[in-house]
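Subject: Handover of a structure and notes on its contents

Dear colleague,

Please find the structure below, together with its sequence. I would be grateful if you could read the notes that follow with the structure open beside them.

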Amino acid sequence: MSDQLLDRPPELVVKVEAGEATARKTASRRKMRQTAFIVAGWIAMVLVWEFGSWWFGARILPRPHEVVLEMGEILGNGNFASDFTASVLKTFAGFGVAAAVGAPIGYLMGRYGYWRAFFHDGVTIAGTIPAIVYAVMSLIVFGLSNLGPILAVALVSAPYVALNVAEGIRGVDKSLITMSEAFGRSAKQIRREVLIPTIVPFVFAAIRMCFAVAWKVEALTEVFGGRNGVGFQIRTEYQLYSISGVLAWMFLFIAFMLVIERLVLAKAEARLLAWRPEERSTAL
Amino acid sequence: MAVLTVRDLSKTFNVGTPRASRVLDNISFEVQGQTFVSIVGPSGCGKSTLLNIISGVEEHTSGDISLKSDQGGDARMGYVFQDPRLLPWRSVMKNMMYVQDELNEETTARARRYLDMVGLAKNADFFPGQLSGGMQQRVGIARAFAVEPDLLLMDEPFSHLDAITARGLRAQLQDIWAQSKKTVVFVTHDVVEAVELSDRIIVLQPGGRIYEDITIDLPRPRRQSDPTVATLQAEVLARLEKMKAATQVAAPVA
């Protein structure tokens, strides 16, 4: 029951509760309809794939069930876990480097005009360079080592992190800082209680944006010159002319990244940003 | 309680530039003891600037300002702003505790007591976004009282609220003040509000000078429906009209 209901007369509470029940039913129906459309979308994708398979021939585009069987084989294979772990660790390591470099730059850009002037053009240019250029450059610098994909992910992600953190800092509500100063709060308390919570939504936006790009760059770098990882396996399958193998590795990687995005990032975001009205309405 | 002494205080914005503008001009007054003082004046006469200078958020250009606790030592301050200024990511209770110097059982109990006094004890775990504007402002008032300030500064705390909510909160403020008896400096442009709440009204005129210092000697609690209060409100309002006419005549024609 909402807080406003607590002070209302009983007959009004009954009416409002009935209204809330109707609203819940409508929301439930809307959710079911949405789920139906999601399922329909998946079925349509499989049908298009089947049609493509028939049109091009299964040798060029294997049928969906062949790829599913291949995925099963890969999952049963002992190398799967090690290749997968290698790719995921490289992606996260790249993220870590991007956060360590991008967040302080973003803080300086958001807080001080001179630092903004200093970094702005460089960060903007870094953000517009195509990911494939970073992948190739990383391979030229580090050769066939694990550092190549890590650097590529870091270079792609750092500008996003910096720009989002800068925007977050610039968006800090000055009146909350004045309030804190009027009550004698220290600079450390203001940083912890006002600045950091303000930039959290922006950091999440940066993470989600980076995540969408980073794992693709990581796999791409491994395709070009990795010694392990999902990208390396995709290249191996390609050299064996096993299209179903290429697709199976690709789908497994996509599935894993979706799980991380939906179950880890989305949940963490909902928990940390529970104070926002939009998060509360999603949670209902 | 606090002893606040302001001597020849002036404030000029953009000093040394063509855009320099003086908002406070040689202001002097003293406030001490269990006193509720209102600073009244038209928009732009420097009321909020004066409060910001007293709180230390803003620097003054010249003059002296001294704030001591009547127990000796530095005075503690509480501040109620025009808008509630609550941290949206912290619950009501955590907002109350954010301004406390120490987190212990005593300060927690005190915060709960003041939340209870403004009728929001049951909303302690709510986020500010889950409360109405009036409820949020009540949290702001409770937060300021809960630091047990020697001096409480209030900057038009009811100006953003509808008339009925503001009236209820004024009554609530009178009750809390009657129990705590803090030294209060209250900024408002509403003369009716000032008469209802204050022991003394300092009227600022455009240009930032003190026009008049009026003592309000009426028994408490005061309610707007009381004819004595209404008569005095009309009298003070008439004086302000007179001031307005005088300052308009004195002002150069653009």
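This is a predicted model: local features need pLDDT of at least 70, side-chain atom pairs count only at pLDDT 80 or more; totals for chains, interfaces and linings use all residues.

Residues are numbered from 1 along each chain as its sequence is written, chains are lettered from A and ligands numbered from 1 in the order in which they are written, and side-chain values use heavy atoms, with hydrogens and water left out.

Helices in chain A

Two packed helices are described by the angle between their axes and the distance between the axes. Helices (H or I, at least four residues) and strands (E, at least two) are DSSP runs, numbered from the N terminus. Axes are lines fitted to C-alpha atoms, for helices over the stretch in contact, and angles run from 0 to 180 degrees between N-to-C directions.

In chain A, helix H2 (residues 64-76) and helix H10 (residues 243-272) cross at roughly 70°, and their axes come within 8 Å. H2(A) and H10(A) are therefore roughly perpendicular to each other (65 to 115 degrees; under 35 is roughly parallel, over 145 roughly antiparallel and the rest oblique). Contact (heavy atoms within 4.5 Å) involves residues of H2(A) including Val67(A) and Met71(A), and residues of H10(A) including Leu247(A) and Trp249(A). The residues of this contact of H2(A) with H10(A) are nine nonpolar, two polar and one charged. Here Ala, Val, Leu, Ile, Met, Phe, Trp, Tyr, Cys and Pro count as nonpolar, Asp, Glu, Lys and Arg as charged, and the others, Gly among them, as polar.

A second pair in chain A is helix H7 (residues 174-182) and helix H8 (residues 187-225), which pack at about 155° with axes 10 Å apart. That angle makes H7(A) roughly antiparallel to H8(A). Leu176(A), Ile177(A), Ser180(A) and Glu181(A) of H7(A) meet Ile190(A), Val194(A) and Leu195(A) of H8(A). The contact of H7(A) with H8(A) has five nonpolar, one polar and one charged residues.

The sheet in chain B

Six strands of chain B form an open sheet with mixed pairing, in the order E5-E6-E7-E3-E8-E9. Strands E5 (77-80) and E9 (209-215) of chain B stand at the edges with a single partner strand each, so one side of each lacks a neighbour in the sheet. From one strand to the next, the twist averages 15°. Strand E3 (residues 36-40) and strand E7 (residues 183-188) of chain B pair in the parallel sense over five bridges; two strands pair if DSSP finds at least two bridges between them. Ile39(B) has Val187(B) of E7(B) as its bridge partner.

Individual residues in chain B

Most residues other than glycine have a negative phi, and most peptide bonds are trans. Asn14(B) has a positive phi, near 55°, and lies in the loop between strand E1 (2-13) and strand E2 (21-32) of chain B. Asn26(B), in strand E2 of chain B, has a positive phi of about 50°. The peptide bond from Arg220(B) to Pro221(B) is cis, with omega near 0°.

Asn14(B) is partly exposed at 34% relative accessibility, as is Asn26(B) at 46% (buried means under 20% relative accessible area, exposed over 50%, partly exposed in between, with a 1.4 Å probe and protein chains only).

Yours sincerely
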